[in-house]
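Me: Please set out the structure below, and let us then discuss how its chains are arranged.

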Amino acid sequence: MSRTAVYVIYGLLALALLALGLWAGRFVLYLTMRVMLLAILALGYNLLLGRTGLLSFGHGALYAAGAYGLGLFNLHVSSDPLLGLLAGVLFASLISLIIGFFCVRQTEIYFAMLTLAFGMMFFSLIWNLREITGGDDGLIGISRAPLLGLPIGRDYQFYYLVLACFCLSVWVIHRIRGSAFGLVLAGIRENHQRTSFAGIPVKNYRLAAFVISGAFAGLAGSLATLLESNANPFAAHWSHSAEPVLVSLMGGLQTFSGPLVGSVIFIVLREIIQRFTENWMLWFGLILLAIIMGLRGGVMGGLEKRLARGRAAGQGGAS
Amino acid sequence: MNEPLLRVEGLYKAFGKVVTANGLSFQLNAGEFTAIIGPNGAGKSTLINVLSGSLAADSGRIFFEGQDITGLPIHKRVQRGLCRSFQVVNVFPHLTVFENVEIPTLAVARRAHHFFRPVGRESQVADLVRAALERVGLGARAQTPASALSHGDQRLLEVGIALAARPKLLFLDEPTAGMNPVERVSILENIRRLAVKGETSFVIVEHDMDVVFSLADRVMVLHRGDLICDGHPDHVKGDAQVRECYLGEEVL
Amino acid sequence: MLESIVHVCLAGLSTGMFIWLVASGLTLIFGVLGVLNFAHGSFYMLGAYFCFTLLSHLGHNFWLGLILGPLCVCAVGYVVERYFLRYVYHIDLPYQLLLTFAFVLIFDDLVKVFWGAGSIGSPSVAGLAGSVRILGRLFPTYSLFIILVGPLVALGLWAMLERTWAGRIIRAASSDREMAAALGVRVPALFTAVFVFGTWLGAMGGGLAVPYVGLLTPGMGESIIIDAFVVAVIGGLGSLKGAFLGALIIGLLSSFGTRFIPTFDMFLTFILMAIVLLWRPQGFFGEETAR
């Protein structure tokens, strides 16, 4: 697919999302916002999993760090949304730095287990420090003050902030993937030993990838808190860390658009299934099973393979 | 050139009861083409692993250009100019040949941390990569994924990646292993040409005696962790101890 | 004071034994197959629910239920390994973990479908009901029974691995899969057998838990799997000896934590897990070799 075609598609997507904001009903708007938030989380997460090859079970905690960072800032300091988002993202980045510093000392399954352990530690802190975090009740009463003078109190207004953050995230992740840093990350995934022998301090790059992905998780969490006007501690539980993994896998680990497609599929599927049955987890599990057994590259991966076969022996490798 | 490029003092490494480096001490000077030979189990690979940083020595010191590098991690040694290639092809399989060489080139050019600029815009680096590919003869294959290369080309890539880090001292661990004679000649020609250029001093670990004696200025013979002979190829050929340890292994 | 400590210790030991039963299966499966089975908590839960149902239908014979229930779960385990897990051994870690996680989602919800989402009260066992007076305070008899069962299982496993032909094959396959295959061991069949056996251990834990927990809930699998993970990591992924000791430690730690520092017991467990992973990732008894 030529670069122009890709830009055209993304341009059309942005226009479609803009149009949605103007004409769609409340429910579709809400759903679209949830898709965008999940996509922000998954895009950042896939930088770590698909690109660098590190599986983390702690990103729920980083999402929660963003949520509580913004929440506490909003309740105690200022309800300015931009400052709140900044607070959330910075807090999530800080927590990522601390957790990541320890976790990148190990790899593979030990890394995964370490992120699970630290994530659960963070969860237990949120759960237990009731006076600060509200414990299992979470934080409530978060308000949306006007953004640079523009009101965002209503959902259809808030939509544009989410859209803006979404577009920004897509653009930033795209740039990172296509940069020298992004290439080195791919190298680390392919062969971390050789990357060391290329003169790269692998641990530092892994940490950087972890913090970046954590920052995006924090952004998603902060925006979610503004959307729902509350922050809940369960987001930090390790079982919620499986969501971005699921989404990335469904869409395709190695492609850029994978997390985007995966987010849409995940949210849409969940909505549909929940219409018919209470037991959406069951169906979800079955779908996940089918994907893992059948479609290893996810939806986009499978498509990519088809397209690649049609292409002449041109651009190969990481996309 | 007063300071030797590499100085090793009392390097000792044992795996349980097996001593692979028994207090080795030697120097390597810039501009020399050294070959390290020895029967299987002599400790050649261990020596390279220890010198390049994959393994820690039990005791002893390593000095590179006068600086003590004994405790340095791998990437720091590479940044100072000490690098290696691998006996078993160790590339980035799903990346293209171009990208394979691009990674060390970016690192050396100190551009690897750029996280916002499209890597395609790093035109200086791209030129360096193209030049590096030409040097090992892989220019035509730049866009091929590494795993799709023939075995011989993969070995060339292997050396190419190591060279892209612009090392001052490069250890080649059996670069011709598993190659057919045609490929072997080609890669050795490449190495000879690069050695003549002078930027990089080569140390080659080899089993093939023809290779050793045609390329090397100096031959070091290892046997069970000891350096039993060290000098000009002709001198080594005539050494009684060397003949004895090679009896039944190779025909000198 | 003393009786307080003794009782806390005993409570910790009995909790630890349940964790041991689940962790033993988890460790065995990881040691031989190299897979971290998230669904192991679900096998525990299924064991509990199956035993409970059989119990109600078989005239409240706990022991019969305890024998038959885990066997039913073994059938489930067989299907999971033979038709699903087997095909993902060779692919990346994320896919394996997610596959077992998919089964967690499936089993958790299936339990809700068949038994309802609420909790079910579980009966006590005739003969082991009631309590014993220890140092002036009452301690449940059943818990004492569990404290005895745990080491018995450990002993049984040890004996099987060290002294039987089957055990030798298992040990061989876990230390070098390819070599074992080259020597004629039918590795796929062995893997299925080990997985099913591990399932049985987890389900036994669940069955034994029926009179202990008082309430069966669909969430019981999730709570125990985390503890089992922590234990497996601390003891050394793949080491049964380590898992047993780890279970004792975690059981005692959480019991003391709940009693004396109730707020942060979860935190302590995970910080211990993190410390072990950072300082000695092979655990206390695991081998140095990277998997």
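Predicted model: local features only at pLDDT ≥ 70, side-chain atom pairs only at ≥ 80, totals over all residues.

Me: Which chains have the most contacts among the two pairs that touch?

Reply: One interface brings 40 residues of chain A into contact with 41 residues of chain C. Among the two touching pairs, the most contacts are between chains A and C.

Me: What area is buried between chain A and chain C?

Reply: The size of an interface is often given as the accessible area lost when the parts come together. Buried area here is the accessible area (1.4 Å probe) that two parts lose on being put together, summed over both. Carbon and sulfur atoms give 84% of the area buried between chain A and chain C, which is about 3,900 Å².

Me: Which element gives the most residues to the side of chain A that touches chain C?

Reply: Helices are DSSP runs (H or I, at least four residues) and strands likewise (E, at least two), numbered from the N terminus. The elements of chain A giving two or more residues to this side are α5 (108-128), α11 (242-251) and α13 (280-294). With 14 residues, the one that gives the most is α5(A).

Me: Which residue of chain B forms a salt bridge with Arg194(A)?

Reply: A salt bridge requires a side-chain nitrogen of Lys or Arg within 4 Å of a carboxyl oxygen of Asp or Glu. Between chain A and chain C the count is zero, whereas between chain B and chain A it is one. The closest N and O atoms are 2.8 Å apart, and the partner of Arg194(A) is Glu158(B).

Me: Which three residues of chain B lose the most area to chain A?

Reply: This contact takes 36 residues from chain B and 29 from chain A. The buried area is about 2,800 Å², with 63% from carbon and sulfur atoms. Together supplying 21% of what the chain B side buries, the three are Phe92(B), Ile103(B) and Phe116(B).

Technical notes:
Residues numbered from 1 in each chain as written. Chains lettered and ligands numbered in written order. Heavy atoms only, no water. Contact = heavy atoms within 4.5 Å.
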